[in-house]
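User: I have a chain open in the viewer and would like to talk it through with you. Could you take my questions as they come?

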Amino acid sequence: MINKDGFAIVGCTKCRRMQVADLSYATKTCVCGNKIDLAKTKLLAVVSSADAAGELLRHMQTAKNSGFTSADRFTQSDKKMD
Ligand SMILES: [Zn+2]
């Protein structure tokens, strides 16, 4: 028996949106319509429950400027309030 329980955080290869994927399925369809092949996509994190995955995803989205968002957009709008 192959143990495919759990949920993974994956990034869409097309729109780069991060989302929770149920690992009991072979693919995850993104909101942009792109089918993410879970066997070929890098799993950013794997957790045992959907709740934990959702929570983790929120944390990762909060810290998104470290990875998935293009950095050159941030340099221009990096204003400090004073
Ligand atoms: Zn997408």
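User: How many residues lie between β1 and β2 in their hairpin, and which residue in the turn has a positive phi?

Analyst: Six residues lie between β1 and β2 in the hairpin, and Arg-16 in the turn has a positive phi of about 70°. Strands here are DSSP runs (E, at least two residues) and helices are H or I runs of at least four residues, both numbered from the N terminus. Please keep in mind that this is a predicted model, in which local features need pLDDT of at least 70 and side-chain atom pairs count only at pLDDT 80 or more, while totals for chains, interfaces and linings use all residues. Residues are numbered from 1 along each chain as its sequence is written.

User: Is Arg-16 buried, exposed or partly exposed?

Analyst: Arg-16 is partly exposed, because 14 other C-beta atoms lie within 10 Å. The definition calls a residue buried if 20 or more other C-beta atoms lie within 10 Å of its own, exposed if 12 or fewer, and partly exposed in between, with C-beta atoms placed from the backbone. Arg-16 has its positive phi although it is not a glycine, and most residues other than glycine have a negative phi.

User: What sheet do these strands belong to?

Analyst: The strands form an open sheet of three in the order β2-β1-β5, with antiparallel pairing, where two strands pair if DSSP finds at least two bridges between them. The edge strands are β2 (18-22) and β5 (43-47), each of which pairs on one side only. Five bridges join β1 to β2, and four bridges join β1 to β5.

User: Which residues are the partners of Val-10?

Analyst: Val-10 has Gln-19 as its bridge partner in β2, and Val-10 stands opposite Leu-43 in β5. Phe-7, for its part, stands opposite Asp-22 in β2.

User: Why is β1 largely enclosed?

Analyst: Four of the five residues of β1 are buried, so this strand is largely enclosed by the rest of the structure. Over the chain, buried residues make up 9% of the 82 residues.

User: Which residues make up the largest nonpolar core?

Analyst: That core has six residues, namely Phe-7, Ala-8, Ile-9, Val-10, Ala-21 and Ala-53, and strand β1 (residues 7-11) gives the largest share, four residues. A nonpolar core is a set of buried Ala, Val, Leu, Ile, Met, Phe, Trp, Tyr and Cys residues joined through C-beta atoms within 7 Å.

User: Switching to helices, where does α1 lie?

Analyst: Helix α1 (residues 50-62) lies across β1, β2 and β5, running at about 165° to β2. Axes are lines fitted to C-alpha atoms, for helices over the stretch in contact, and angles run from 0 to 180 degrees between N-to-C directions.

User: Last topic: where is confidence lowest and where is it highest?

Analyst: Confidence is lowest in helix α2 (residues 72-76), at a mean of 49, and highest in strand β4 (residues 35-37), at 97. The mean pLDDT of the chain is 82, and 72% of its residues reach 70 or more, pLDDT being the predictor's confidence in each residue, from 0 to 100. Where pLDDT is low, the predicted coordinates should not be read in detail.

Conventions. Contact = placed C-beta atoms within 7 Å.
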